[in-house]
Amino acid sequence: MSEPTDKGKQWLKSIGINNSNSLWNLSASELTAETLRLKQGVLNDTGALAVDTGEFTGRSPKDKFIVLDDKTKDVIWWGDVNFKFDSAKFDALYNKMVNYLSGKQIYVRDSFACADKKFRLSIRVVTEFPWSNLFANNLFIRPTKEETSSFNPEWTILNAPGFHAVAADDGTRQHNFTILDLTKKVVLIGGSGYTGEIKKSIFTLLNYILPHEKGVLSMHCSTNVGKKGDTAIFFGLSGTGKTTLSADPNRGLIGDDEHGWAEKTIFNFEGGCYAKCVNLSAEKEPEIYGAIKEGALLENVRFLPGTKKVNFDDISVTENTRVAYPINFINNAVEPSVGGIPKNIFFLTCDAFGVLPPISKLTAGQTMYHFISGYTAKVAGTEMGITEPTLTFSACFGKAFLPLHPTKYAELMGKKLKEDKGVNVWLVNTGWTGGSYGVGNRMKLSHTRALITAALNGELEKVKFETLPVFNLAFPTSCSGGVPSEILNPRNTWKNQDAYDAKANELAKAFVKNFQQYASAANEEIMAAAPKVTVSA
């Protein structure tokens, strides 16, 4: 379908867009051709479309707003993540945007979110540029022809990178904005061509609807499933190995980023992947590398001189180079992207302090505490040789996308664990051992893979565990697959165990300090799982 039906024309008119030349549900090849016709992109040597997103090459979290009204005022976790927006200002800005789009060539796409049809959300995306529409095609779930013919949108996204707000008049912080109106079921995105704003606006929306209205836990994670139907979930911030460790040729990929945990299913919100491209190679990430082909959308990459071959090491535009592609571009993708209740959950952390065990098993209380904490550490090394690690905490491993208080998600996870018996939760340290960064060594990937494999196949349920002081973490004392037993207790890997104790207390204090912002809303079980700083500290 390309030209709008009478029903489509009436719908556009009903939302205020008049006299536009609209093209509906174009295929990936048609949208690619439109982008080339408009000279807004080029093809690389594998046939993928490469575009520049302009001024913004990443999300602008300070410019994301939620409309304040009776529905949201007492529910949303207002603060440094969710900024309030006046309802009257939203209406005025909406009118400006539809007037801007009226008379223009626009692209309309019908799509779904949530692979479990019980929770499916129908979304109509109206974009100014064809490549923004290609992104929506690749990332959301694509309706069948029959579903398209009877499509009835519940939510609308208006995306106009060329429309700039006037902050003083429109109530925005600056000229770009992403605004969600949960009552009118409309998302406005203007002033930014970065397509991730489209993806994450719906993720934020689902992080509100599913936990608050449906009792479904929404999660920022990757998931895969084994040949016996055992589902595994991987949480982790950037640099923890989430993509690498969840990409397993022996397991089917359910999804790489956004999922829901319902009564009987784990399901992907999306129909595609939005993968980072920096330093990408066929050796390191063969699945992603192979997905960069006709129909895929590359963003902000540069080519090797004199060629159309992408130089994935070139970060002259941004380190956040990306590729968006349908999930079926991955050979072992599961479609529909739905699995059963998880057997194993992994919290991945790159602990540059060298304090946490390579793997430990969490209680329900510890699961909720570490879920809310969302800890990792980034190495802050500079040209001057500074090697002190930088602590990073991101609630629920995705603080920027949480419209509700983090304890709501953690308590829902705790409820799921109690309802679904036999779910194992593991804290996996992919960071340092034998000392902090600069002294110890990075955990071997082969060891981490072997530990995760042992957890997946049930081996770790049969071995002896000991408890690590301060963090009170239960860790296995042995593991097959070439994992040396001596690395399983991190304290024993340090030459100076007093130095380990001091560093463990330092990290524990950081956890406790970070958690103070959530403590008033956390239950007793969560608070009891906090690390215990020793008196000598």
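This is a predicted model: local features need pLDDT of at least 70, side-chain atom pairs count only at pLDDT 80 or more; totals for chains, interfaces and linings use all residues.

Modeller: Happy to! Helices (H or I, at least four residues) and strands (E, at least two) are DSSP runs, numbered from the N terminus. Residues are numbered from 1 along each chain as its sequence is written, and side-chain values use heavy atoms, leaving out hydrogens and water.

Now to the backbone. Most residues other than glycine have a negative phi, and most peptide bonds are trans. Cys-396, though not a glycine, has a positive phi of about 60°. Cys-396 is buried, at 4% relative accessibility; buried means under 20% relative accessible area, exposed over 50%, and partly exposed in between (1.4 Å probe, protein chains only). Asn-279 also has a positive phi, near 60°, and belongs to the loop between β17 (272–276) and α9 (286–291). Asn-279 is partly exposed, with a relative accessible area of 37%.

The peptide bond from Glu-335 to Pro-336 is cis, its omega near -5°. Pro-336 is in the loop between β19 (322–326) and β20 (338–339).

Your helix residue can be Glu-287, in α9. Glu-287 is partly exposed at 24% relative accessible area. Leaving aside residues up to four places away in sequence, Glu-287 touches Ala-247 and Ile-330, where contact means heavy atoms within 4.5 Å. From Glu-287 to Asn-332 the C-alpha to C-alpha distance is 8.9 Å, across 45 residues of sequence.
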